[in-house]
Amino acid sequence: MSLVAVKRDLCDLCGTCVGVCPVDCMELTETELRIDAETCILCRFCIDICPIEALEMKDE
Amino acid sequence: MSERVSVDVVVVGAGPAGSTAARLAAENGVSVLLLEKDREVGIPVRCAEGVGESSLRKVLEPRPHWIMNTVQNAEFISPSGLHVLVHVGSDRGFVLNRKIFDYELAQMAADAGAEVWTKAYAYDLLRDSEGRVAGVRVRHIGREVEVSAKVVIGADGVESRVGRWAGLKTLTKMHDMETCVQVTAARVEAETDRFYFFFGSQVAPGGYAWVFPKGNGLANVGLGLSGDFSATRKPIDYLQDLLDKHFPGAAILTTVAGGVPCSGTVEKLVTDGLMLVGDAAHQANPVSGGGIAPGMIAGKIAGRVAAEAIREGDVSEKRLRKYVREWDREVGKTHRLFYRIKEGIFRLTDDELNRTAKALQGLAPDEITLKRMFRVALMKQPKLLLDVARVFVG
């Protein structure tokens, strides 16, 4: 199974990915970007929009 | 068990739009709570910090210590490196220090009577028995709080989840999301009397790169691309190229990422008990991505209308639409034209951009205006020339 993973050392917590997520499965707190894998549809929009390549598709 | 707090207006997000909305609501006599997710208002700064003087003055009198630099010119650089200098003259541009600016806007809201909570994360809406928006659920320094409010103002930026929870369509299309990276750097060799804008498919496809000098060799250097292009190559890689090519001696002090919704205002800005302002409402200028002044203008209208509606005991969508009408008249209508112009500008090929620069270089300096530049650039898209004329009227 695939899922979108956050590279925590790179992520700048800017929220650009959250703004394009079509299923609102991302949550950005002060310190963390979380993705709800249950809701995520693996559309890759977040990976594609990220300004700094801080998101990636991972096989579990 | 969560705690309960009750206010007239709760504002989610203490950027310029949210703080201005909070201040105006408080000044108009209702109780206000302003929530900021981060530990400190104003930080981090995800912004190029440029704003037009005349637009800012529509909301408040600028304080000198907010302003790091004042510019009178804009320099445009075509893909082949042709320079076009546009003197903007009477409408000067400011480069703000947003750390201080945002902080003081929140303080002004507090001075007007608003409460401010930092490290306060809104994660859901409260609803009344009929399903109408009735507040927000907040995590605030280790406690859960139900903040009930007559009006919720979503000023939660590019993420814009508050609006989505209420059923408003705040999702930004990939095409309209400008995905950006910026450095604040020392030893940037640039004239301080101007903003620089670089265009081209190799520089920033579907967007542009900027240099906003702050004085003493300090500058914001950044760029944004349309989300149509960021899958194959990232903004950070384009920015590295720009720095290597134009500012090899720069010393980077800060790097920030960020996104700007450049779609023009969201179709529906209000619903019963809820209003959206700022980036959350897609209120940045679709061509420039500049969102400070428009967000504050929206905040000014929304804060006042929310207070009036509460005093009258009617916070229905119909009543709150007064904000939408005023926003539309003051800015929203123009942004719809700017959106069409953006679509025309970002469709231009490198050749067309170079030809535009060449044509403008043939003019006397005082003949080169922004309006003229857009007209020349969009010569082959005559339908847009009318939009350009409308945007630059008066």
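**Figure 1. Arg161(B) forms a salt bridge with Asp24(A).** The closest N and O atoms of the two residues are 2.8 Å apart. This pair crosses between chains. Arg161(B) sits in helix 4 of chain B, and Asp24(A) sits in the loop between helix 1 and strand 2 of chain A. The model shown here is predicted. Is Arg161(B) buried or exposed? Arg161(B) is buried, because its relative accessible area is 10% and the cut-off for buried is under 20%. Asp24(A) has a backbone feature to look for as well. Its phi is near 50°, a positive value in a residue other than glycine.

**Figure 2. Glu30(A) and Lys119(B) meet in a salt bridge.** The N to O distance is 2.6 Å. Here too the pair crosses between chains. Glu30(A) lies in the loop between strand 2 and strand 3 (33-35) of chain A. Lys119(B) lies in the loop between strand 8 (115-117) and strand 9 of chain B. Glu30(A) has 16% relative accessibility and counts as buried. Lys119(B) has 33% and counts as partly exposed.

**Figure 3. Chain B and chain A bury about 2,300 Å² between them.** Of this area, 51% is on carbon and sulfur atoms. On chain B, 31 residues are in contact with 26 residues of chain A. How many salt bridges are there between chain B and chain A? The count is five. Polar contacts between the chains number 20 residue pairs, with both residues at pLDDT 80 or more. Several elements give two or more residues to the side of chain B that touches chain A. They are strand 9 (120-127), helix 4 (161-165), strand 12 (177-186), helix 5 (235-246) and strand 16 (251-261) of chain B. Which of them gives the most? Strand 16 of chain B does, with five residues. By class, this side of chain B has 14 nonpolar, seven polar and 10 charged residues.

**Figure 4. The largest nonpolar core has 75 residues.** In soluble globular proteins, nonpolar side chains tend to be buried together. Which residues have the most contacts inside this core? They are Val9(B), Leu35(B), Val136(B), Met275(B) and Tyr323(B). Helix 6 (residues 292-312) of chain B gives the core its largest share, 12 residues. A second, separate core has 44 residues. Among its members are Val18(A), Cys40(A), Cys46(A) and Val181(B).

**Figure 5. Val136(B) is one of the residues with the most contacts inside the largest core.** Leave out residues up to four places away in sequence, and look at what Val136(B) touches. Its partners include Val10(B), Val12(B), Leu35(B), Ala122(B) and Leu125(B). Val136(B) also touches Asp124(B) and Glu146(B). Glu146(B) meets another side chain, that of Arg137(B), in a salt bridge (3.0 Å, N to O). Glu146(B) counts as buried at 16% relative accessibility. Arg137(B) is partly exposed, with a relative accessible area of 27%.

**Figure 6. Salt bridges that share partners build one network in chain B.** Six names belong on this view: Arg304(B), Glu308(B), Glu312(B), Arg319(B), Lys322(B) and Glu326(B). Over all chains, the whole structure holds 34 salt bridges.

**Figure 7. Arg23(B) is a buried residue in chain B.** Where is Arg23(B) placed? Its place is in helix 1 (residues 16-27) of chain B. Arg23(B) touches Val59(B), Leu60(B), Met108(B), Ala109(B) and Ala112(B), not counting residues up to four places away in sequence.

**Figure 8. A cis peptide bond joins Ile43(B) and Pro44(B).** The omega angle is about -5°. Pro44(B) lies in the loop between strand 2 (32-35) and strand 3 (50-52) of chain B.

**Figure 9. Leu13(A) has a positive phi although it is not a glycine.** The angle is about 60°. Where is Leu13(A) found? Its place is in the loop between strand 1 (2-6) and helix 1 (16-20) of chain A. Leu13(A) counts as partly exposed, at 23% relative accessibility.

Definitions and conventions: Residues are numbered from 1 along each chain as its sequence is written. Chains are lettered from A and ligands numbered from 1 in the order in which they are written. This is a predicted model: local features need pLDDT of at least 70, side-chain atom pairs count only at pLDDT 80 or more; totals for chains, interfaces and linings use all residues. Side-chain values use heavy atoms; hydrogens and water are left out. Contact means heavy atoms within 4.5 Å. Buried area is the accessible area (1.4 Å probe) that two parts lose on being put together, summed over both. A salt bridge is a side-chain nitrogen of Lys or Arg within 4 Å of a carboxyl oxygen of Asp or Glu. A polar contact is a pair of N or O atoms within 3.5 Å; within protein, one must be able to donate a hydrogen and the other to accept it, and residues adjacent in sequence count only if both atoms are side-chain atoms. Helices (H or I, at least four residues) and strands (E, at least two) are DSSP runs, numbered from the N terminus. Ala, Val, Leu, Ile, Met, Phe, Trp, Tyr, Cys and Pro count as nonpolar, Asp, Glu, Lys and Arg as charged, and the others, Gly among them, as polar. A nonpolar core is a set of buried Ala, Val, Leu, Ile, Met, Phe, Trp, Tyr and Cys residues joined through side-chain atoms within 4.5 Å. Buried means under 20% relative accessible area, exposed over 50%, partly exposed in between (1.4 Å probe, protein chains only).
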